[in-house]
Amino acid sequence: MTDPYSLTVNGTDHQVVDAWLGESLLYVLRERLGLPGSKAGCEQGECGSCSVIVDGSLECACLILAAAAVGCDITTVEGLQPGRGDFTTVQEAFIAEGAVQCGFCTPGLVVALTDLLARVPHPSDLEVREAISGNLCRCTGYGRILAAAQAAAKAASDE
Amino acid sequence: MTILSPTSIDEAVAALADPAIQVLAGGTDFMVEVNAGHRRPDKVLSLRHIPELRTWEQLPARDDPAHVRLGATVTYTDMLQPDLAQLLPALAHAARTVGSPQIRNAGTIGGNLATASPAGDTLPVLAALEAVVEVASPLGVRDIPVATFITGPKRTALSPGELIVAVRLPLLDGHQEFRKIGVRNAMVIAVASLALAVDTRTRTVRCALGSVGPGPIRATEAEEWLAGTIDWDRPAATTEAPDLAYFGRLVAGAAQPIDDHRGTAAYRRHAIGVLAERAAAQAFGAGSAA
Amino acid sequence: MSDIATTHATKGTIGENASRPDGGPKVRGEFAFSGDLWADGMLWGRTLRSPHPAARIIAIDIAAALRIPGVHAVVTAADLPASVNYGLEWRDQPVFATDVVRYVGEPVAAVAADHPEAARQACEAIDVQYEPQVPLLDPAEAAAAPPIHPDGNVFRQLTIRTGDPSARGPIVVEGAYEVGMQDQAFMGPEAGLAIPADDGGIDLIVSTQWLHNDRLQVAECLGLAPEKVRLSLGGVGGAFGAREDVSLQIHACLLAQRTARPIKIVYSREESFLGHVHRHPARIWMRHSAEADGRLVSFEARILLDGGAYRSSSYHVVANATCFSAGPYKVENALAEGIGVRTNNPPCGAMRGFGAVQVCFAHEAQMDKLAEACGVDPVEIRLRNALATGDRLLTGQVIEGTLPVARVIREAAALPLPPSPEIADPMTRPGGAGRTADAAHVRRGIGFAVGFKNLMYAEGYMDGSAARCRLSDGLATVTCAAAEVGQGFVTLAQQIARTVLGVEDVLLAPADTSIGSAGSSSASRQTWMSGGAVEKACQAVRAALLQHVADRHGIDPAQLTITDGRVTSTDARDSIDLAVADAAPGVVFEEEVEYHHRITHPLDDDGQGDAHVSLVCAAHRAVVDVDPDLGLIRVVQVATAQDVGRALNPLQVLGQIEGGIAQGLGLATMEELTLRNGRILNPSFTDYLIPTALDMPEVLATLVEEPEPGAPFGAKGVGEPPTISSTPAIVAALRAATGKALNRVPVRPQDIALGDGE
């Protein structure tokens, strides 16, 4: 067991007690902090379903040792804040454009595209494809996800 | 079980006096092993919170030629930033082929070296540029050339208690590039990769190969042959197609590929020759701009 | 894209791009997938699996595992209280291996512990003594080899004979083809939570395609009455056939029974690859003969499918592969022989396309060879042979429904081609991010392919689905056990209820075993079967509502109708005009129905019979850029026209088309489980590659709408066709660009660059 430690997730400090040292941030988020929105799809950083933003940088929570993330500012899909209404522009676009099927990859893609649009407000199709090339989706073939990315970029610039 | 997250290199090096401690940088290799149950750490030294390891600087020529010194936890994404990418274009090419954006944000140059995978994407670039690895221990700092740092597949010259703190890469004048073959168009482990760097000052060509041997391989015979055929006073667009093809064959001959589930030895040898021919064509063939 | 104009004032009815009811929770990370479940006092289950493809088990010692702190139970076959075997269609698969193991990954034991790491260590501490045997790995040897299972080594041998198979046209082409082992590779690994109940039964929340079939198998193995085993659907992270077979269900329930604690099992990605069935690898030989103008005279095929160690759905995959082996083409004289065999390779079963995928790769290569031999354009030769309503299948069955083969061919061929090779960004060339190709190294090819298969189950299977509808003051609640696996059945169920009842508020009750079976979410059947059940239940409620209104007003209910969300009378003198929500205040209408499709029949000794309910087809045209020297590929565009009957939700149809093409592209260019000595060498997303966003092309799609008689709303299932002919279209484009034979998928770089495998 590790000594108790504290993680800052979505602006809130969470105590982690009685954890095994080898636990990933993904495991701690899901099983200890009650934040199962980040998904465990491969635990090798190959699917992107656990994408979170750590100190402003998009990373896979499965590849972060939880105990080493003390002092980091962690944002998960649960922490994305809608400007108004129930959904962020990216989330809204996913629903409207039919980008959701089984939905397992969806939280990771929503986080990845939120990160992209914060850095590149008007990405080209190729920029979107490269930005989400680490987020595997098996249902959609990405077509509606790419459409959602452009719709979200447009909605954000219209606001 | 403990975790140490020092904020300075000195503290980190001091912590390495404990032989049981395992060093964690970007986590992109380390955590794959932990998650799979292949690594069960009792004590971990995390480098995440050491700001000086995440910096890089350009050092002008003095005793040494001009070079760039990259801290060990400089990430692949850092290597893609324009100011660094224009100094080290082949390294930036290689960094862009590493995994996914998420992996590039986390993975580090020091981690790529310490893991020493035969498919490590930056390793051919480091080998071609003859990078030097700075290693610190309680006894002090020593330099290890990349060629001797990597001693085999996933094996390095790093001794217990030593920490990679930086990598120094020379700034060369001349064409540089990196090409990598994978079966998928993104996020893929290299089946074969190649770095080519031209140094017009010393009139040398450096060519290193990845994923076709136990570690990065320098194709020295091919390098010397090509350097000897080039008109160095007018290097661009002076090399004929048959010479480019011959260079490709020499490079293919330097490879030591194996069959595995990612590709066959025969394909790897063929493909590395094609990459070499193409890279040389970019540097010296018709239409090149070296 | 075709939008069906709707006359309904009610929003979200049939034909509209209604939004998914689960879309909101899914985009916010609030949707509970089966792996997200948690219960007080829960333990983690884990499975120990065989490292050998064939071995005798001499002894299993669990003592050391039980001593590990946090471990609560270790179970093996000896702990099963009742049946020791399970299986989707035939109970030939041990829950835990007893005397022998037959494939790498076969479950041998399971543990329950208070932390996943303790469970992992416990599995490592179980000492199993194996005596390895020589495995049977070559499917071509299986039929004649000593049986490796009491049920023998042949799952099914099916011969279809029609006309005079020795008839010959002047043009003859033949070829041998091979399809590698593809995996469904859904994103959400297998997971479930089993909770022991006070009545001695078990509640199991699990991601599956077929709740009721799972329940039956769990009940048999636990020795419980089926009603004591209550399953409900946990959120399903994709399926594609891989969740038809039981995986962790029995293990989790047994551990829950044993420990009297809730048991959660979540497979790792590696275990997922080991723990579910794959698409059958195939070796196929075909010979076609034709008149000089390309019209088919005869067709012969021999199809060998490797079913791996256990039967799963191999029996019916053999049928599909054989029945549809000639493709959607007219041929009077045929002999097609299909066989599925048992080996010590990993078990294979259902995957999207179900046998039709493998043979389509072969018959479409053959059609291209025939086109070349006849000097006819590949599109034209397909038009000349296209099946249509009224024609006969190889099985002698007359096509009674719609099958617009010629139309999907013409519509796909008519879609615009992409601009000439882009040289702007090296990332868009073959090799992608690796930037291996300069512009001069790229060659472009175009390929065309057509495929078809049946909808629903076949050969006399009595298929059905149950649904319940409840209407109260304008709020409809629909209950159906159909598994939502991502395909969007939940959206359709709402659209159907809105259309029939004229209300917008439609709740979907959780899918569970409290109602009758809906059958499996497979075989492109839920839109028809459970859509039909929901329609029928809603119609019954609608009739009851109208009867109620008619009784109150003392008129004939036949005069009442629901239009634009209002109950009105066709007789203007009645002056009835009530919103559905206000038509019967406080009255609850509830109806439960079962829906069945028309009866089908078994195949006879010559493989003849009316075995199939309905057929569906699609055509694909692929444009591919290739780097021939390196064998690297970028698919630039896939254009498709698909027979959909009627598009109930065009946006969802498009999602199925694009997703299915991605899986077809994967099989064409990268996806294969590689085996060595029966062991999967690449059970990870690092090495089992599926397409990324940088691998997927632009997709152009035309939905061909010719309503299917007898189908609810005229709609056909749309999930499978995109996966069937997209693969051969891409490979045809690769052949066109490279001149290589490419008789095997996935096409590997060395196949193009070095001509390997020819």
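Buried area is the accessible area, taken with a 1.4 Å probe, that two parts lose on being put together, summed over both. By that definition, about 4,100 Å² is buried between chain A and chain C, and carbon and sulfur atoms give 60% of it. The structure is a predicted model, in which local features need pLDDT of at least 70 and side-chain atom pairs count only at pLDDT 80 or more, while totals for chains, interfaces and linings use all residues. Residues are numbered from 1 along each chain as its sequence is written, chains are lettered from A in the order in which they are written, and side-chain values use heavy atoms, with hydrogens and water left out.

**Chain A and chain C**

Contact (heavy atoms within 4.5 Å) joins 48 residues of chain A to 58 residues of chain C. There are 5 salt bridges between these chains, a salt bridge being a side-chain nitrogen of Lys or Arg within 4 Å of a carboxyl oxygen of Asp or Glu. One of them pairs Arg138(A) with Glu671(C), whose closest N and O atoms are 2.6 Å apart.

On the side of chain A that touches chain C, two or more residues come from each of helices H1 (25-32), H2 (89-96), H3 (106-119), H4 (125-131) and H5 (143-158) of chain A. Helices here are DSSP runs of H or I, at least four residues long, numbered from the N terminus. That side of chain A has 22 nonpolar, 13 polar and 13 charged residues.

**Two domains within chain C**

The domain assignment, which is automatic or from a database, gives chain C domain 1 (23-31 + 464-596) and domain 2 (396-453 + 614-758). Their C-alpha centres lie 38 Å apart. The contact between them takes 15 residues from each domain.

About 1,200 Å² is buried between domain 1 and domain 2 of chain C, with 59% given by carbon and sulfur atoms. In domain 1, Ser524(C), Thr527(C) and Trp528(C) lose the most area to domain 2, together 45% of what that side buries.

Helices H12 (489-501) and H13 (526-553) of chain C each supply at least two residues of the domain 1 side. H12(C) gives the largest share, 6 residues.

| Interface | Buried area | Carbon and sulfur share |
|---|---|---|
| Chain A and chain C | about 4,100 Å² | 60% |
| Domain 1 and domain 2 of chain C | about 1,200 Å² | 59% |

Notes. Nonpolar A, V, L, I, M, F, W, Y, C, P; charged D, E, K, R; others polar.
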